[in-house]
Amino acid sequence: MKFSMQDLQAQANTLFESGFSTGAPHFSPISDYTIFPGFFDVHVHFREPGFSYKETIKTGSLAGAHGGYTGVCPMPNLKPVPDSLEHLKEEQDIIDRDACIDVLPYASITVGEEGKQVVDMEALADHIFAFSDDGHGVQDGDKMEEAMRRAAALNKIIAAHCEVNSLLHGGYINDGEYCKAHGHRGICNESEWGEIKRDAELAEKTGCAFHVCHVSTKESVQVIREAKSRGVDITCETGPHYLVLDDTMLQEDGCFKMNPPLRSPEDRKALVEGILDGTIDMIATDHAPHSAEEKSRGLERSPFGITGLETAFPVAYTGLVKTGILTLDKLIDLMAVAPRRRFGIPLEPDCFTVFDLNDTYKVDPDTFLSMGKSTPFAGETVSGRCLLTVCHGNVVWKHPSVELTD
């Protein structure tokens with residue numbers, strides 16, 4: 001199939017002028033194909049520096065481009081943790097050298113993500129996307145309050161992994177029926193919503209702009225809904241897997257292990273309701289690649305995390321839009337417009353992606369550009385294939401079937 005880059009850019013410009021910049025979702029059909037603003041993911045793990053055997057900024061950004069993303073934000077659970085300008089520079093130098101799309105790094109909330117000492121936020125603020133200790137909940141409420149006060153003074157968002165360590169008890173999947181029937185150790189819902197409740201109250205107290213990562217429970221949705229009704233400056237995300245899978249679908253395979261875990265059908269229903277009523281603001285993948293050997297150890301022994309950038313849109317489109325749960329407009333808002341709106345990242349007319357929504361195929365991890373191949377969607381039939389991704393006017397991904405003309 002042939003595409004004219006001039007025609008594509010002209011359509012993207014028209015879309016931008018008619019709405020991309022207003023915060024309302026817009027898309028445009030191109031014959032049998034559809035152009036969207038480039039997706040934006042506020043929660044990925046690119047593993048570099050420190051863990052490049054799992055993923056690199058080069059492979060992660062290529063995976064993002066393959067999935068239709070033109071911007072992503074890698075979390076700071078790295079080695080070294082970007083908790084100082086010196087450590088941040090190690091990551092930024094690799095980004096400047098290797099990234100094919102916009103890669104905007106987080107700094108940690110606490111030194112080494114250890115929860116003991118708040119980082120020098122004032123020195124870091126102008127160089128990072130936001131602050132997060134993702135992978136760890138900040139256990140000390142006083143430290144989180146200090147961080148929120150300082151972030152509020154700097155007009156920076158804190159994006160929190162909310163988890164109460166004392167409630168985990170060595171759990172690794174949801175504390176539900178599957179867990180009990182198969183002799184696993186469970187993670188209770190309160191380990192998530194309990195810390196969200198604390199942090200929402202701290203955000204209300206300090207005036208901090210607060211974002212909750214990877215919401216997975218019905219109680220979490222309700223806590224956030226109530227906080228929004230009180231005027232708290234709070235937003236949240238959930239992942240495609242939490243919206244279309246639950247713990248009744250678990251298998252004894254590491255590709256079903258993530259943190260937070262897949263929850264109950266009731267939790268999944270509440271997440272969908274939260275999307276529909278605006279409590280949940282955006283979809284983020286929590287793209288968390290690991291080596292094949294690490295993810296081959298089963299539910300108990302595999303590390304938490306799955307690969308998500310290359311399946312996010314087709315999984316959500318197939319499971320939510322084609323089933324009539326969401327409109328396509330709403331999905332594009334969740335994946336492209338709302339994340340930028342919340343974090344102050346402008347939509348740009350020269351950052352867009354082209355999809356064939358009618359192309360139906362089976363998810364094949366061997367086709368992933370990510371080094372991580374672990375996904376619970378392997379072999380699943382989905383619709384919506386990325387044909388082309390353009391970032392700042394540069395073609396960063398092109399399907400082999402696509403021929404471009406000037």
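Guide: Helices (H or I, at least four residues) and strands (E, at least two) are DSSP runs, numbered from the N terminus. The model is predicted, so local features need pLDDT of at least 70, side-chain atom pairs count only at pLDDT 80 or more, and totals for chains, interfaces and linings use all residues. Residues are numbered from 1 along each chain as its sequence is written, and side-chain values use heavy atoms, leaving out hydrogens and water.

Visitor: Is His392 buried, partly exposed or exposed?

Guide: His392 sits in the loop between strand 14 (381-391) and strand 15 (394-398). Its phi is positive, about 55°, although it is not a glycine. Buried means under 20% relative accessible area, exposed over 50%, partly exposed in between (1.4 Å probe, protein chains only). At 32% relative accessibility, His392 is therefore partly exposed.

Visitor: What is the relative accessible area of Arg47?

Guide: Arg47 lies in the loop between strand 4 and helix 2. Its phi is near 70°, positive in a residue other than glycine. Arg47 is buried, and its relative accessible area is 7%.

Visitor: Which residue has the nearest side chain of opposite charge to Arg340?

Guide: Arg340 is in helix 13 (residues 328-343). Lys and Arg count as positive, Asp and Glu as negative; His and the chain ends are not counted. A salt bridge needs a side-chain nitrogen of Lys or Arg within 4 Å of a carboxyl oxygen of Asp or Glu. Arg340 is buried yet has no salt bridge; at 6.1 Å, the nearest side chain of opposite charge is Asp102.

Visitor: What is omega for the peptide bond from Lys79 to Pro80?

Guide: Pro80 is in the loop between strand 5 (69-74) and helix 3 (85-98). The bond from Lys79 to Pro80 is cis, with omega near 5°.
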